[in-house]
Amino acid sequence: MGDLQDQQFLHSKLGTPWSDGTEGVTQCPILPGETFIYKFVVDRAGTYLYHGHYGMQRAAGLYGSIIVSLPEGVSEPFSYDYDHNIILSDWYHASTNEQAAGLSAIPFVFVGEPQSLLIYGRGKYNCSLSTASGIAAGVCNTTNPECSPYSLTVVPGKTYRLRIGSLTSLSALSFEIEGHDMTVVEADGNYVEPFAIRNLYIYSGETYSVLVKADQDSSRNYWATINVVARKPATPTGLAIFNYYPNHPQKQPPTVPTTGPLWNDTTSRLAQSLAFKARQGFINTPPVTSDRVIVLLNTQNKIDGHFKWSLNNLSLILPQTPYLIALRENLTDAFVQDPPPDGYDFANYDIHSVAKNVNATSSNRIYRLRFNSTVDVILQNANSMTVNNSETHPWHLHGHDFWVLGYGTGKYNLSRDWRKYNVVNPIMKNTAPLHPYGWTALRFRADNPGVWAFHCHVESHFYMGMGVVFEEGIEKGGELPSSIRGCGESEGHHRP
Ligand SMILES: O=C1O[C@H]([C@@H](O)CO)C(O)=C1O
């Protein structure tokens, strides 16, 4: 890969903020031909993801998963016979540079719906849409064995732990295995109280472990499918084969693959979000109150004619000098020092209509949090610039897990809606969806010295400014490694 690349680890924990991999936040970009070594302590077993965090490189496939195993002698609180790891993604024919150029252009060209959905890197393209040049380039070579679906072979009677992670650029997905219930046991590296589902809604940046028992008719194979939800789908169902041994792994199931739940059934997606609870015996209860509440109004906007996304009317642009270096070295001209606002015009903003004035401002301001304080973030969704449209945004926090206190519909009411919070057994996660016209309430301890991005995990939306940055305890911790330096005002980088 002769391109700029960063790697981001979704669970880089205490004490090594420079190993988070966020270009502009914790380090300079890694230049072509350079090597960068990330070093951090893995402090909890579970299923995690890593990916490029520069521009839109993730969409080009710069990602993978990390499985952290339990220490010797410790076992999981559930049992299974075999463990499989599956990454779900979406795929575009246009290059990420082309996509980024369209997003920055006037007129705006959105990336649009992906051409394919991939399970384990394999997918199908709707060949009837193919152009002559596409056919010549081999996009529709269905006889190529590389085009055959991923096949997961199971032995009748055995139980499988499937670790499922989504690294889609855009799509929210519904995953299901025909004829089989799944029991969710893990989310983002945290145990959840087991519950059975027919389909798993999974948003970009999330991971889940589900247990599946191969207890159906073993004379045939079954479809495992992913379908787009939360946006009107224009991409064929992503297919894999749930193969009962000893049938041939590519033997076609006799059935028509499901097209999944209704894409706009927000109620069922909200219900599944609300169904997650921390597992008994592994509950980490949140502080009952918080020290600070930050409400972030999510809006689509224009800045100088360009399409953007904003939080409280500020659209994030990262500074030339990474915040981590600027803050440690007191380079006060590296970014605007005034804090961004903790709320929006609650009384007058109508979240159900296109904003009267959609214009926003570009900003590189950051939220500075008191070290070890408890912070609530309430994500407030709103109508986009399209009439009767509010999108789903998976919000991902770097460097921490947060408690998911609640989800609701409509405008969050500051004096009332905190009563709906689950402070008894909320799950902890690092990514949580914000549903259309709804709100999501999160709580975290600002206990990880450093600078941390919090952003929509839709690649194009983050590129269009949909994120904020938190700082806490910047003065604590060891010396910054020189390998993160070399851009903006940070000189003197020495890389091997
Ligand atoms: O950011 C986005 O832009 C388009 C649309 O809102 C404007 O073309 C879309 O669907 C997004 O998610």
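**Strand pairing, core and ligand shell**

In strand 16, L311 is the bridge partner of N298. The model is predicted. Strand 16 covers residues 306-311, and five of its six residues are buried. Strand 16 is therefore largely enclosed by the rest of the structure.

The largest nonpolar core holds 109 residues. Within this core, L200, I202, V210, Y323, L442 and V469 touch the most other members. Strand 13 (residues 222-229) supplies the largest share of the core, with six residues. Both domain 1 (78-275) and domain 2 (292-484) give residues to the core, so the core lies between them. In soluble globular proteins, nonpolar side chains tend to be buried together.

Seven positions can be named around the ligand: F110, Q300, S384, T386, E391, S460 and H461. By class, the shell divides into one nonpolar, five polar and one charged residue.

The UniProt record, an unreviewed entry, places the feature "domain: Plastocyanin-like" at residues 15-70, 85-246 and 356-473. Residues 15-70 are 0% helix and 21% strand. The end C-alpha atoms of that span lie 21 Å apart. Residues 356-473 are 4% helix and 45% strand. Here the end C-alpha atoms lie 39 Å apart.

Technical notes
Residues numbered from 1 in each chain as written. Predicted model: local features only at pLDDT ≥ 70, side-chain atom pairs only at ≥ 80, totals over all residues. UniProt positions renumbered as here; feature names shortened; annotations may be inferred. Helix = DSSP H or I, 4+ residues; strand = E, 2+ residues; numbered from the N terminus. Buried ≥ 20, exposed ≤ 12 C-beta atoms within 10 Å, placed from the backbone. Pairing = 2+ DSSP bridges. Near = placed C-beta within 6 Å. Nonpolar A, V, L, I, M, F, W, Y, C, P; charged D, E, K, R; others polar. Core = buried A, V, L, I, M, F, W, Y, C linked by C-beta atoms within 7 Å. Domains from an automatic or database assignment.
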